[in-house]
Amino acid sequence: MTLIHYDESHFNLVISEDSIFLNHINNTAKNNNDQVKLENLHLKKKIEELQKELDLLRGELLESEENKLDIRFGSEIFSLMQTTLMPFNEPNFDASYILDYGDVLELQIIGQKSDSLLLPIKRDGSINIPDVGKLRVAGLSLENASNTITETVKSSSSSIVNAFVTLVSVRDIQVIVAGNVFSPGPYTLNGNSSLFHALTVSGGPSDNGSFRKIELVRENRVIETADIYETFIYGKSSFSTRLRSGDLIFVNPSRNIVSVTGAVKRPGIYELKEKETLNDLLFFSGGFSSFAYKNTLFIESVVGINK
C-alpha cells in the first residue's frame, strides 16, 4: 500500500511563486506596449516633419520649373557680366588676324646689331622701318605681314641674320548695334571682336529680338547672318568674322516663338525657323525626360501672334 503525503505549505508556496511570475509577465507586456506606443508616436511625428519638408521642396521645385518656362533659350547667356566675354587687348591672336590702322607691331632684329622697334600702322596703312622705308601692311593677315616684313628686312642688309614680328597692341573699332536689342547704339570694341562680342555689350536680343537671325552689315551689304542656336545647341562656330569700323549689327524681330513644358529635359521658350518641326523643338529642349509618357502630346496654338 502506498501512502500519499500532502504538504499544504509547499503548495501555497508554488502558487505564490506562479502568481509573482504572472504579474511580472503582465507588467513587462504593459511596459513593452507603452514603449511601442511611444516609439510609434515619435515615428509618426518624424514622418509628419519629413512630409512637410517634402512639400516645401516640391513647392520650390514647381516654382523653379515655372520660372524656367518664362525664360527664352539664349537670354541667360547675355545676363553674364559683359566684361567676362570681351577679348583683352593682347598680342596673342591667331595668324589670320587682319591688320589695320591703329595696330602696333614689334620688330625684333637679330644680327651684328640687334634691335627692337615698335611699328604703329599709320592711317595710310603703312609702317615705317628705319633704314628700310615704308611698307604697306594694312589689309594683310598677321602671318602674311610678318613674312613680308621679315623678308624685306633681311634682304635690306647682309648683317641681319633674322627678324621676328609680333602684334603688341590692337586697334579700337567703332560699330553700331541696332534693331531689337536691349541697348542699341554705337560701341567701341577692339579689333579682335566678333558679332557675339557686340551683342554682349549691347545686352543681347530684347524680348522681341531674334536669336536665329542676326545680320552683320558692311558697306550696306549683309556679309554674315548669325544663328545663336548654331553655336549653343549644335556646337558650330557662327561668329568667325571679325568686326571692322563702320560695321552694323542688326537683330531682326523674332518669329515662331514656342513654349515647351512638361516632361522634357530643358523646358522653356524657343524660336523656330520656318522649316523646323516638332522634332527640332524636342531636340532644342533636350529631348524627353525619363518620366515622359510619349504616347500623349498636347499642342496649343495661339492664332494671330507673331504670325
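This is a predicted model: local features need pLDDT of at least 70, side-chain atom pairs count only at pLDDT 80 or more; totals for chains, interfaces and linings use all residues.
**Stop one: Ser193.** Select Ser193. This residue sits in the loop that links β7 (185-190) and α3 (195-201). Is Ser193 buried or exposed? Ser193 counts as buried, because its relative accessibility is 0%, and the cut-off for buried is under 20%. A polar atom of the Ser193 side chain lies 2.9 Å from the backbone oxygen of Asn190.

**Stop two: Asp131.** Move to the loop between β3 (126-129) and β4 (133-136), where Asp131 is found. Asp131 has a relative accessibility of 84%, so the residue counts as exposed. Check the backbone here. Phi of Asp131 is near 65°, a positive value in a residue other than glycine. Most residues other than glycine have a negative phi.

**Stop three: Asn256.** Next, select Asn256. Look for this residue in the loop between β10 (248-253) and β11 (257-260). What is the phi of Asn256? The value is near 55°, which is positive, and Asn256 is not glycine. Asn256 is partly exposed, with a relative accessible area of 27%.

**Stop four: a surface patch.** Select Ile110, Val161 and Phe164 together and show the surface. These residues make a nonpolar surface patch of about 280 Å². Where is Val161 placed? Val161 belongs to strand β5 (residues 160-169). Its relative accessible area is 59%, so Val161 is exposed; the cut-off for exposed is over 50%.

Notes:
Residues are numbered from 1 along each chain as its sequence is written. Side-chain values use heavy atoms; hydrogens and water are left out. Helices (H or I, at least four residues) and strands (E, at least two) are DSSP runs, numbered from the N terminus. Buried means under 20% relative accessible area, exposed over 50%, partly exposed in between (1.4 Å probe, protein chains only). A polar contact is a pair of N or O atoms within 3.5 Å; within protein, one must be able to donate a hydrogen and the other to accept it, and residues adjacent in sequence count only if both atoms are side-chain atoms. Patches are made of residues with over 30% relative accessible area and no salt bridge: like charges are joined within 9 Å, nonpolar side chains (Val, Leu, Ile, Met, Phe, Trp, Tyr) within 5 Å. Accessible areas come from the Shrake-Rupley method with a 1.4 Å probe; for residues, only the protein chains shown count as cover. A salt bridge is a side-chain nitrogen of Lys or Arg within 4 Å of a carboxyl oxygen of Asp or Glu.
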